[in-house]
Amino acid sequence: MLTKYVLQEMPLLTSLFFIFGVFIIYEILFDGVRSVLSLKEINIESSILKAQLGIMYLFILLFGLQALVVNHQATWIFINFQIIALIFCAVFLDAPVNYPIFIPIVLAFMIFNSAIFYWESWCFALTLFLFYYSLKYIKKKRTNPFPFIYYMLDGLFFGTILWSLARIKFSLNGATIFQQVSYLIIFEIFVYCYIGFFVRDVRVKHTLYEFAHLDALTHVKNFAAFDNDIHALFNQHQSNDINVAMIMFDIDHFKSINDHYGHLVGDKVLQQVADITQTVINANDRNIRFYRTGGEEFNIILPNYKLSEIDSITQEIFTAINNSQFNFNNQTVDVSVSVGSSEIRKNDLNSDEFYSRVDDALYQSKRNGRMRITKS
């Protein structure tokens with residue numbers, strides 16, 4: 001009796017719990033799929049997986065809900081949920097605007113509802129399309145990471161248009177329209193607050209990740225990130241036989257630089273060396289990963305590269321650093337680097353063997369007089 005009373009007499013509360021449940025189920029589904037893909041070592045970027053899975057989830061859910069009322073007069077009952085679904089796609093999922101895909105989805109939905117011959121339905125579809133586009137435009141153009149007021153006003157504007165079209169098509173009275181638009185405002189506040197908390201949580205996690213995995217001085221990845229990546233890539237090499245090469249270099253006589261010019265100059269040298277190296281990497285392949293793994297030691301991991309394929313990149317980095325001018329406070333600092341490189345081999349039992357071979361190559365360069373490259 002209580003459940004029946006809540007469903008019939010408290011539709012707003014029921015709807016809020018329903019929307020909340022939709023979000024929670026999606027989060028559980030997303031985490032589950034991501035965990036399965038991770039166990040199977042299938043690499044899909046989280047943002048792409050999030051968008052694709054979310055669109056499929058909402059597509060099935062919307063058609064499932066509409067099937068409940070397809071032969072009834074009250075087919076308008078889920079209009080607010082359709083609006084919330086678009087907000088979910090555009091703001092929460094940040095799904096890309098793929099305009100051609102709208103056409104078959106809209107046609108299928110209109111045929112499913114026997115609404116393809118009503119001009120109001122075509123206007124409704126066009127309004128939904130414009131609403132989605134406007135949400136994406138706001139997200140792109142506003143400097144505020146979450147422009148709540150703009151989202152609210154945008155939803156109210158298009159929601160009023162959609163309910164006005166529904167009033168004409170279904171001959172709804174003014175009281176019903178006022179009630180549904182009021183509900184929409186409450187739903188929007190609820191959904192945008194939920195998304196806002198989620199966005200803030202993501203930003204906090206991203207900041208914590210940067211603190212944990214980025215070197216504070218040079219702003220490249222640190223040893224913790226290197227350790228995670230080298231183990232993961234070694235596992236991928238064993239399971240999928242991908243090639244992985246590595247370059248390791250450090251600054252020659254760096255202690256002398258600190259002792260002679262001071263640690264502030266030493267820090268400037270490290271920063272400039274990192275900037276030069278990152279510039280060369282970006283000009284070649286942004287999938288190459290760069291790390292500061294020690295005081296003056298740097299590592300570069302090159303996924304999908306054989307040792308024979310990295311000579312030009314190695315030489316480019318080596319030449320760029322050794323030929324650069326390091327001038328600080330009217331002082332010129334002579335800077336050179338020694339380099340070692342190798343690749344994962346089939347007989348490597350673990351990533352430590354790979355790392356040790358690169359490390360030995362670097363120290364071979366140092367033993368042979370420094371400022372040289374050694375391959376192993």
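These are my notebook entries on a few places I looked up in this predicted model.

**Ground rules.** I number residues from 1 along each chain as its sequence is written, and my side-chain values use heavy atoms, with hydrogens and water left out. Since the model is predicted, local features need pLDDT of at least 70 and side-chain atom pairs count only at pLDDT 80 or more, while totals for chains, interfaces and linings use all residues.

**Confidence.** I looked up pLDDT, the predictor's confidence in each residue, from 0 to 100. The protein's mean is 85, and 93% of its residues reach 70 or more. Over residues 1–9 pLDDT stays under 50. Where pLDDT is low, the predicted coordinates should not be read in detail.

**Helices α4 and α6.** Helices here are DSSP runs (H or I, at least four residues), numbered from the N terminus. I found that the axes of α4 (residues 79–92) and α6 (residues 119–141) come within 9 Å and cross at roughly 35°; axes are lines fitted to C-alpha atoms over the stretch in contact, with angles from 0 to 180 degrees between N-to-C directions.

**Ser121.** I stayed in α6 for Ser121. Is Ser121 buried or exposed? Ser121 is buried, at 9% relative accessibility (buried means under 20% relative accessible area, exposed over 50%, partly exposed in between, with a 1.4 Å probe and protein chains only). Beyond its neighbours within four places in sequence, Ser121 touches Met110, Ala115 and Lys169.

**Ser351.** Helix α13 (residues 351–367) holds Ser351, which is buried at 5%. Leaving aside neighbours within four places in sequence, Ser351 contacts Ile230, His231 and Phe234.

How values were computed
Contact means heavy atoms within 4.5 Å. Helices (H or I, at least four residues) and strands (E, at least two) are DSSP runs, numbered from the N terminus.
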